[in-house]
Every structure is written in C-alpha cells, then in structure tokens.
Amino acid sequence: MVKAVCVNGLKRPAEGAGGRQAARKRRRAAGGGREPGPEEKSSCLSAALFGEDCEISRDQLYELLKFAALGKCHSAAQPSWCRIYRQSHLAGVVVIVLPEMSQLHFYQFYLQFRHLRKVFRHRFTLTPSANFLASLYGEGANPKPQNTAQGLTSTSSKSSDLKCDPIFQKYGGKKRGLTSYILTSEELNKYDYPIKGSTRWKGYVCTGCDKQRTDSSPLFGLDCEMCLTAKGNEVTYVSLVDARGQCLLNELVKPQSEVVNYRTSFSGITEEMLLPVKTSLSDIQTRLKKILPRDAVLVGHSLNNDLQALEMIHPSVIDTSLLFARTGNRRFKLKFLARAVLGKEIQCEEMVGHDPAEDARTALELAQFFIEQGPAKVAELNLEMLLKAENLAEVSKKKDALQPQGCRVQQQLNEPPRLSKPCFLECLQVTGQNPLLLGRQELDSSGLCQSNLSTSNKQILQKALEDVPLSTFSIIQFSLGPENISSRLLAELCEKVGSKLTDMLTIYAGPFEENFRLKSVKKKFGKCGPIQCLTVVTETYQPYVCIQYEVLEAAQLAVESLNGAEVAGSCIKVQRPVTAAMLDCDVLIKELELDVENEGVIYVAGLKQSVTEKDLQEEFSQLKDLEMLFLPKDLQSAKHRNCCFLKFQKSQSAVDALEVINGWTLKGSKLRSRNALASGHLWRWIRQMNHSNGKQRGNIFYKKMQQLPDSEQDLKKKVKKLDNHIQKLYRSLQNNTLCVVLFPGVNSTYGSQSGLGLMGIKGDRGRSAC
C-alpha cells in the first residue's frame with residue numbers, strides 16, 4: 001500500500017504580523033462572520049490527509065484537542081499528524097459531536113449536508129467507539145465514594161479502588177507466567193500485527209519461531225527507528241536485546257527508497273549517518289531469523305509498527321503499551337512507564353532522537369517487572385493518578401515557581417485517585433479555563449452522566465450561541481432525535497449506501513455485435529482506470545457489457561469519453577444503471593467535483609505497468625505548484641494500478657495541468673485525466689468495500705423503483721435541520737476558532753461503521769500541506 005509522496009516538501013502557511021492577545025479575543029462578544037483585519041495574526045491548520053493517510057485514531061484526535069486547548073506553554077506536544085500554526089492566537093476550540101452517526105450517514109445524506117461539506121477543508125476517517133464521549137474525555141471506571149475518617153482511607157475503600165484499576169480488571173490479582181501476557185491471534189489482528197496467511201501481509205518474512213511457548217521461553221526486546229521515504233515508513237535502525245539487556249543486534253539499515261523526511265528529532269537519523277551504510281532490510285531479516293530461537297517471545301512498545309517496518313511476522317509478542325492497560329483505549333508512553341515503574345529516565349531532551357537499544361531494553365524490563373510482581377502490585381502503583389499528578393505538577397510549576405515540584409507531586413500522590421477525566425481537561429481548570437459541555441449529557445464530579453433526554457437541538461443551539469463565546473473549550477452534542485437509530489434502519493442505510501456506491505462505480509456499454517471481442521472492450525475501458533470486474537449481459541437482444549470500476553473517477557471518465565465512441569466495431573452507448581437512487585447521480589457527481597476537499601486534485605489514468613513512481617515524479621515535476629503524488633497499489637499483488645492522483649497547491653494550477661496532461665504520451669500510452677471526485681477517506685472506504693465484498697452486480701440492468709420509507713424521509717428532514725443548526729453555530733464563532741465536527745461511528749450487531757471527522761479554523765484560507 002503506497003503512501004502519498006510529497007513532491008515539493010513542507011509548505012508552511014505565511015506568517016501574519018502584529019495582533020492582539022488570544023485571551024482578549026476570547027473575552028470579545030461573538031460577532032461572527034467578520035474576517036480578520038490586517039493587524040491581526042491568524043491561526044492556520046495544515047494536515048496531509050491524502051491517499052491512504054486519512055485514518056485517524058482516538059489517540060491522535062486527543063493529541064490534536066490537547067495541543068489546541070493548551071499549547072506548548074503547558075507541555076502539550078504539536079500533533080504528529082497535522083500542524084497548528086500560531087496556536088496561541090486561537091480564540092477557542094469547539095467540538096461538535098453527532099452521536100450515533102458515522103461516515104455512512106454523511107454520504108447517505110451528502111446532498112443534505114450542504115454547509116458541512118462546503119466549509120471544512122480537512123476530513124479524516126475515525127475508528128468507531130461504543131461510548132464516544134467517554135473515550136473522548138478519557139473516562140475510566142469511576143471509583144465509588146471514598147470512606148474517609150480523620151484523613152485516612154479505609155482498607156475496604158482501597159480494595160474497591162484496586163478492583164477499578166484497568167490492569168486489575170484485565171488480568172486479575174494473581175501472578176501469572178509470561179505466556180498469559182502473549183497477545184492472542186485475535187489481539188494480533190485487532191492491533192494490526194502482521195499475521196501469517198493474510199493477503200494483507202503478503203511478502204512478509206516469517207521469523208521461523210514456530211515452537212510452542214512455555215513460561216520458560218526466552219524474552220527478547222526489539223525496537224526500530226524509521227524514516228519517511230517515498231515508499232512510506234522504512235526501518236533505518238534496529239536493536240535487539242536479550243533477557244539480560246545485552247545487545248545482540250544494533251545496526252543502521254539502508255532504506256530501499258529515497259528518504260523524504262529523516263525525522264531526526266525522533267529517530268536520531270541523519271543523512272550523513274546513512275551514507276556509508278550498506279546493510280539492507282533483507283540482511284536484517286536474515287540475521288534476526290538466525291539469532292532468535294524457535295520459542296522466542298518478542299517484547300516491545302507498540303511492536304506492531306516495528307514488525308511492519310521490518311516486514312516480518314512473529315507469532316508470540318508481549319506489547320507493553322497494551323500490557324500496562326489504560327481506560328478508553330488509550331496507552332501510556334514508554335517514557336512515562338520507565339519513570340513511573342522503573343524509576344529511570346529515557347528519551348532525554350538533550351538527546352537528539354531516541355536510542356532504540358535503550359527503548360528495547362526498557363520495554364523488556366517493564367515486561368519482566370510486570371511478570372515478576374504480578375498485576376495486583378502494578379495496579380497499586382496507580383499509574384493513571386501518577387500521570388495526572390505529573391501533568392498537574394507541570395502546570396502548577398509555571399503558576400507558582402517558588403513551591404518545590406516534589407512537594408506538589410507528593411501532595412497529589414496523597415490524594416485519592418480520580419479517573420473520571422483526562423489530564424488536559426483538568427489542566428484547563430487549573431489554568432483558569434472552564435470546559436463547556438452542552439447536549440444531553442452533562443459533566444459532573446463523577447464523570448459523564450445522562451441528562452434530560454427531552455432537550456431539543458434548538459435548545460442546545462440557543463444555549464451554545466450564548467455560552468460558547470465565553471468558553472475556550474466546548475463540546476456541543478446534536479442528535480437526530482430522542483430515539484436511537486434502530487439496528488434495522490442502520491442495516492438498511494448501509495445497504496443503500498453500498499448499493500449506490502456500487503452503481504456509481506458501474507457502467508453499461510453496448511450494444512455490441514454477437515461475435516465481438518471482450519478483450520478489445522476491456523482494453524479500451526481499462527484505459528479509464530482499474531476495473532473491479534467485467535461481465536457480458538446476455539438478457540438483451542444484443543449483448544451489452546457491465547463494467548465495475550474501482551474508483552469513481554474511472555467510471556465517470558468512461559461515461560464522458562466513450563459514450564458514442566466506436567469500440568470493438570460498434571458505435572456504443574455508455575450509461576450507468578437506472579435505479580431510483582441513481583436519478584440524482586449527475587447532481588451528486590457535480591457536487592463531488594465542487595467539494596472543497598477535492599480542490600486542486602486531479603485524477604490521471606492510462607498508466608502502463610512498466611511506469612514507476614520515479615517515472616511519474618520526473619514526468620510531472622514540470623507541472624506548476626504540484627504538491628503531492630499518490631499512486632494506488634493493489635491490495636494483493638502490491639502492483640500499482642493504472643491510475644494516480646495529483647494534488648496541487650492552487651486550484652488554478654490543477655485546471656492548467658488538466659489541459660496539459662490530457663493526450664500526454666508516457667512510455668507509449670496516452671494519458672487521460674479529469675477532476676477528482678473521491679477525497680482520500682472516501683476513496684479508501686470504497687476500496688475497502690470492493691475488497692471485502694468482491695460482489696458482482698453484473699446482470700441487473702433495470703431495477704424496480706421503490707419509494708423511500710417514512711423513517712428515512714424523516715431522517716432527511718432532521719439532517720437538513722441539523723446542518724442548519726451547525727451553520728448558525730459556526731457563523732457565531734469568532735475568527736481563529738478551531739472547529740471539529742465528529743461523526744463518532746457506530747458499533748452494532750450488523751457490524752462496525754467507521755466514523756468521520758471534519759475540521760478547520762474559521763478564517764483560515766490556507767490549503768492543507770504535506
């Protein structure tokens with residue numbers, strides 16, 4: 001799977017000059033709609049959500065919100081997947097949550113969400129959650145009220161607190177052997193570990209460690225550092241340590257592709273370091289296979305990333321990021337665990353990059369400590385409380401430099417643990433900011449709780465218009481109604497959206513002569529883009545051909561360029577299926593073309609298999625303002641498809657490129673191009689749908705017209721009102737406000753539906769950058 005390749009490097013939005021303090025802006029009454037004057041500095045948002053890089057985890061979303069709310073002055077790190085420039089000038093952060101809605105709902109009611117799709121420049125896929133608000137806040141198991149007498153906590157209360165700890169809940173209190181902490185096959189699959197026999201990991205090398213594990217099996221710590229190359233994340237440094245901490249392997253690796261970003265601040269790798277290196281990835285794979293005994297157990301922190309970079313499969317893994325369990329699918333960082341559990345400092349600020357040998361040794365020591373002490377002893381450390389104490393101590397240190405940090409930390413350690421809120425919301429309160437939560441759930445001292453279900457969206461909007469301008473961090477919940485969306489209706493929506501997408505990917509061509517050559521048809525239509533399946537329709541008087549493409553742009557290009565053309569000796573008509581859902585297809589195609597996320601992106605088809613990514617970069621380098629190139633690859637064969645996507649910094653440059661590329665000859669093949677229709681997350685969704693279904697819809701030409709059920713008609717009306725509410729709220733926001741709209745996703749008996757996120761800073765006219 002190929003990542004988007006940055007052609008011209010990182011483009012930083014232009015800096016403004018002068019400006020008032022963000023604190024003053026927050027106190028200003030909400031005027032809404034006013035553009036920032038020349039004397040004001042504006043914040044900018046930049047995210048490389050293109051191609052396959054558009055799925056964002058809960059941790060990454062949490063990372064964004066924390067930095068936007070607190071900034072560097074409160075030890076919040078710049079998000080790893082996007083950048084906020086001039087964060088200190090943000091007027092506030094507003095998160096709009098649409099519970100029980102998913103990416104599925106956005107595209108089922110795409111035309112109804114007129115405001116959402118025209119305003120927010122950045123979109124991403126979000127993994128679904130059973131309790132989204134709880135995971136967003138980082139809510140854990142809330143402890144029962146503590147029975148305190150004369151300042152002492154009772155033994156029964158401590159026992160109750162211990163049982164609420166996620167580590168105790170996951171493993172119990174008894175000591176176990178190391179085999180109890182090895183990830184199961186289901187867990188390996190869930191946490192994205194390479195698995196033997198899966199087509200996704202085709203070509204990966206097995207370590208050959210196939211002997212049954214026992215509690216006496218040897219442990220080995222493994223860690224890698226990666227650099228970003230044209231291929232993606234490639235390993236450039238590998239360290240392997242044994243159970244005594246001795247280094248068995250500690251070597252630099254020459255990446256296969258050209259390095260795009262060395263990520264020196266994290267990897268410690270520089271261009272000079274790699275110049276003399278000749279060791280290849282295959283060399284490292286061979287050495288690891290020789291070193292590791294057949295019953296070896298690998299230990300690492302988020303080891304799935306290392307094994308993916310090594311392109312290796314190992315069946316027995318202990319992942320310390322999962323071993324030291326947290327609530328809300330969050331994970332402790334290795335640096336924090338080293339300090340809190342082992343009492344050692346790693347990844348020090350004075351060091352340039354991480355030391356993989358040190359990280360591998362630390363992960364191994366953490367696993368050994370856990371196994372030797374048992375989960376009950378680890379749970380007694382109250383890691384969640386220690387982390388909050390550290391964060392609060394850091395914030396308090398900036399407010400009161402005279403008080404020793406150790407005293408403050410000790411004071412926090414003496415307090416009973418509070419697991420109901422994550423660190424950054426507590427830090428907001430410490431810094432004098434009051435987070436606002438509006439909707440059908442309220443925030444109290446014990447965490448999130450249900451409130452009045454009769455509260456309407458209109459009431460929530462009125463309250464938001466009054467209170468949001470007074471708060472620096474707000475979460476607003478709008479709902480489709482007091483009743484939940486039934487599983488049956490959700491399944492129907494899923495079927496409708498899947499059916500419509502498949503119909504939009506499908507075209508019918510004909511009529512042909514009885515003895516026409518199917519190969520000629522496939523060759524002709526294949527020049528428009530990758531074909532999912534192709535069948536002959538024989539129910540008609542003369543044969544037709546049903547062609548289902550893998551991308552929307554290919555189907556539309558075929559309709560536009562081959563309708564009325566002579567193919568296989570016949571003058572043919574090219575059209576899409578005639579169904580009730582497809583009557584608005586032309587309108588939908590036009591809206592997708594004008595979608596703000598598709599600005600400056602074009603689709604190019606007709607590439608031969610002999611064309612390489614390097615050929616494309618050289619060929620298209622002459623195009624003005626080219627920012628990124630994305631070359632999709634087949635999920636099974638890993639060969640590139642006969643199409644690519646080009647992203648330009650300016651929309652006019654994309655228009656100019658279309659005129660140049662159409663008819664352009666590359667290695668004897670004429671290229672065809674058009675405006676992009678599917679943004680990164682939608683393209684990825686369609687691809688997954690095609691891959692999982694593999695269904696052929698070939699022989700149905702006309703379908704029975706069916707009227708939409710009343711329940712869906714009601715949903716359409718509610719969605720329009722919902723879009724209007726969000727529009728009114730957005731207009732009331734001050735400029736420089738970060739606004740994030742979240743469709744959390746759905747978990748049901750019919751399967752899991754991915755969520756969708758939309759984000760932007762009001763008044764930001766910049767473009768997303770690599």
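The conversation below sets values against definitions.

Mentor: This is a predicted model, in which local features need pLDDT of at least 70, side-chain atom pairs count only at pLDDT 80 or more, and totals for chains, interfaces and linings use all residues. Residues are numbered from 1 along each chain as its sequence is written, and side-chain values use heavy atoms, with hydrogens and water left out.

Trainee: Why is Lys231 called partly exposed?

Mentor: Buried means under 20% relative accessible area and exposed over 50%, with partly exposed in between (1.4 Å probe, protein chains only). Lys231 has 33% relative accessibility, so Lys231 counts as partly exposed. Lys231 lies in the loop between β10 (219-229) and β11 (232-241).

Trainee: What makes the pairing of Lys231 with Glu311 a polar contact?

Mentor: A polar contact is a pair of N or O atoms within 3.5 Å; within protein, one must be able to donate a hydrogen and the other to accept it, and residues adjacent in sequence count only if both atoms are side-chain atoms. The side chains of Lys231 and Glu311 are joined by such a contact of 2.8 Å. The Lys231 side chain also makes a polar contact of 3.0 Å with the side chain of Gln256.

Trainee: Which residues have the most contacts inside the largest nonpolar core?

Mentor: A nonpolar core is a set of buried Ala, Val, Leu, Ile, Met, Phe, Trp, Tyr and Cys residues joined through side-chain atoms within 4.5 Å. The largest has 81 residues, and Phe478, Phe525, Tyr549 and Phe743 have the most contacts inside it. A second, separate core of 31 residues includes Val299, Phe324, Ala338 and Phe370.

Trainee: Why are β22 and β26 said to stand at the edges of their sheet?

Mentor: Strands (E, at least two residues) and helices (H or I, at least four) are DSSP runs, numbered from the N terminus. Two strands pair if DSSP finds at least two bridges between them. The open sheet has four strands in the order β22-β23-β21-β26, with antiparallel pairing. β22 (531-537) and β26 (573-575) each have a single partner strand, so one side of each is left without a neighbour in the sheet.

Trainee: How do you know that β22 and β23 pair?

Mentor: β22 and β23 (residues 544-549) share six bridges in the antiparallel sense, whereas the definition asks for at least two. Val536 stands opposite Val545 in β23.
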